[in-house]
Amino acid sequence: MKRFLPFILTLLAVCCTPGPQKVRTGDLLFVGIPADYSLDEDSMGSAISDATGEGDLNIIHVAILEAADDSVWVIDATIRRGVDRHPLDTFLTDFTLRDGSLPVLEVRRLDDAEIARRGVERAGQYLGLPYDVHFLPDNGEYYCSELVRDSYLDADGKPVFPASPMNFRNAAGEMPVYWEQLFALLGEPVPQGVPGTSPQGLRADPRLKVVRPEGFPGQVRE
């Protein structure tokens, strides 16, 4: 037995030492910009940033990651593409900042891998649907965090991420002109306080933990 002990210890060390982290299907990718970064003040990104900013980082978007065939794909909802599945490189191009740099990219992982995997499958059923500029539930359209919430369901078919009253006001409590003009064109009131989700709210969910996949591009926030 003694002569096999070094071999057994070596085998245990190899088996039990965690390897480099990789993207796992169902991981969520959050996009953040510094609080003092100036977007075009007329853009929706700027309005979302004003409404969801907290601390030194504004979380403006959330996307679903899928690891397939040694590649990373993204499923998300954007104004430009609606609900779409595309390579990570395409996503990075879409979110490159004016100076050519990438925003802060943060990968978070749900504590239930099976729910996350099925969430990706469910999100695939929504591909091709339009972006939800109305920010309303159950209208056949999706904004980014709404897509995540409706895709990640528990065994009883209920969302694992809770809804909360939406906020469109900035830190001063004022309604950005962009939102006033957009919803005036739609002939609808700003859905302030309507139950919904936000990238910032999802990021704070205690069931999500930060992971740092090896070689993942962008400024992964420490």
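**Figure 1. Contacts across the whole chain of a predicted model.** Among contacts between residues at least 6 apart in sequence, 68% join residues at least 24 apart. The model is predicted. The protein has seven helices and nine strands. Of its 222 residues, 41% count as buried. The protein exposes about 12100 Å². Carbon and sulfur atoms supply 53% of that area.

**Figure 2. Confidence along the chain, with a view of residues 1-18****.** The average pLDDT of the protein is 83. A score of at least 70 is reached by 79% of the residues. Residues 1-18 stay under 50. For this stretch, the model has two contacts beyond four places in sequence. Where pLDDT is low, the predicted coordinates should not be read in detail.

**Figure 3. Helix α5, residues 144-151****.** Is this helix mostly covered or mostly uncovered? Helix α5 is mostly covered, with seven of its eight residues buried. The buried residues are Cys 144, Ser 145, Glu 146, Leu 147, Val 148, Asp 150 and Ser 151.

**Figure 4. The hairpin of β2 and β3****.** These strands run antiparallel, and five bridges join them. Glu 66 stands opposite Trp 73 in β3. Two residues lie between the strands of this hairpin.

**Figure 5. Asp 69 and Asp 70 in the loop between β2 and β3****.** The cut-off for exposed is over 50%.

**Figure 6. From β3 on to β4****.** A hairpin joins β3 to β4 through three residues. The two strands pair in the antiparallel sense over six bridges. Look again at Trp 73. Its bridge partner in β4 is Pro 87, while Glu 66 stands opposite Trp 73 in the pairing of β2 with β3. In a regular strand the side chains alternate between the two faces of the sheet.

Terms used: Residues numbered from 1 in each chain as written. Predicted model: local features only at pLDDT ≥ 70, side-chain atom pairs only at ≥ 80, totals over all residues. Heavy atoms only, no water. Buried < 20%, exposed > 50% of the residue type's maximum accessible area, 1.4 Å probe, protein only. Helix = DSSP H or I, 4+ residues; strand = E, 2+ residues; numbered from the N terminus. Contact = heavy atoms within 4.5 Å. Areas by Shrake-Rupley, 256 points an atom, 1.4 Å probe, with all protein chains shown as cover. pLDDT = per-residue confidence, 0-100. Pairing = 2+ DSSP bridges.
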